Amino acid sequence: LGAAVDGAMTAKMRNIGEACTAANRFHVHTSVAGEFARRLADRMGALRIGPGVEEDVQVGPLINAAAREKVGELVADAVGRGAKVLAGGERMDGPGYFYRPTVLAGVPRDARVVGEEVFGPVLSVIPVTSAEEAVAIANDSAYGLAGGVWTRSLDTAIKVVKGVRTGKMFVNSYNTAGIDDMPHGGVKDSGTGREFGLAGLEEYQEQKTVQILLR
């Protein structure tokens, strides 16, 4: 569980969630979902917030007022549908577009945050009873850029990797090195085509078919 919590922090808080591959939702088995969410809340609540020019700051501001407003709306919608705020859940007063790192537990499937991109420091924990249920919820979104799975079972990892409709999947890691050598891109509303690696080079090429009849 500890490795999964560490991985979740890396997956969510890259550029404080304002990254295309930042994870937004974590589908966690009901047997450990509560403990997982509590540990994440402790970690997220301990992050130091402030301007990036200050020493030891770990969480900076969002890009603009509209971005912070959207994050707040998604959190309010989830709470209104029954989710519980374990950490954060509010904007900060004063200059800058700061929003406290947030952990939402028990997020229902009909919450907007389950299907929309967040682009902010909000992490939703969705309890599930099986890998199949997790895959079904993950696929119930218009987006499909990146995803990950933490498990000790190789069979489960393969099942999830095959089942989730994304352009990229990580197993027991997230946003790891080597991206320049591997194709990067999404499916559904996350786009088509690839960049990086040989597949990325092919995007800049045009193929020509030549047929020669030898007599």
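These legends go with a set of close-up views of one predicted model. Residues are numbered from 1 along each chain as its sequence is written, and side-chain values use heavy atoms, with hydrogens and water left out. Since this is a predicted model, local features need pLDDT of at least 70 and side-chain atom pairs count only at pLDDT 80 or more, while totals for chains, interfaces and linings use all residues.

**View 1. A four-stranded open sheet.** The strands sit in the order E1-E4-E3-E2, with mixed pairing. At the edges are E1 (25-29) and E2 (84-87), each pairing on one side only. From one strand to the next, the twist averages 30°. A few terms: strands (E, at least two residues) and helices (H or I, at least four) are DSSP runs numbered from the N terminus, and two strands pair if DSSP finds at least two bridges between them.

**View 2. Strand E4 and its parallel partners.** On one side, E4 (residues 122-128) pairs with E3 (residues 102-105) in the parallel sense over three bridges. E4 also pairs with E1, again in the parallel sense, over five bridges.

**View 3. The alternating side chains of E1.** Phe-26 and Val-28 point to one face and are buried (buried means under 20% relative accessible area, exposed over 50% and partly exposed in between, with a 1.4 Å probe and protein chains only).

View 4. Helix H3 (residues 65-80) lies across E2, E3 and E4, running at about 25° to E3. Helix H5 (residues 131-139) packs on the sheet too, touching E1 and E4, and its direction makes about 135° with that of E4. Contact here means heavy atoms within 4.5 Å; axes are lines fitted to C-alpha atoms, for helices over the stretch in contact, and angles run from 0 to 180 degrees between N-to-C directions.

View 5. Glu-35 and Arg-39 meet side chain to side chain at 3.1 Å, N to O (a salt bridge is a side-chain nitrogen of Lys or Arg within 4 Å of a carboxyl oxygen of Asp or Glu). Because they are four residues apart in H2 (residues 30-45), the two are separated by about one helical turn. Glu-35 is partly exposed, with a relative accessible area of 33%, and Arg-39 is partly exposed at 33% too. Arg-38 joins Glu-35 and Arg-39 in a network of salt bridges. The count for the model comes to eleven salt bridges.

View 6. The closest N and O atoms of Glu-132 and Lys-159 are 3.0 Å apart. Glu-132 lies in H5 and Lys-159 in H6 (residues 154-163), so the pair ties together parts that are 27 residues apart in sequence. Both are partly exposed: Glu-132 at 45% relative accessibility and Lys-159 at 42%.

View 7. Lys-168 lies in E7 (residues 168-171). Lys-168 is buried yet has no salt bridge, and the nearest side chain of opposite charge, Glu-195, is 8.1 Å away. (Lys and Arg count as positive and Asp and Glu as negative; His and the chain ends are not counted.) The Lys-168 side chain does make a polar contact with the side chain of His-184, at 3.2 Å. A polar contact is a pair of N or O atoms within 3.5 Å; within protein, one must be able to donate a hydrogen and the other to accept it, and residues adjacent in sequence count only if both atoms are side-chain atoms.
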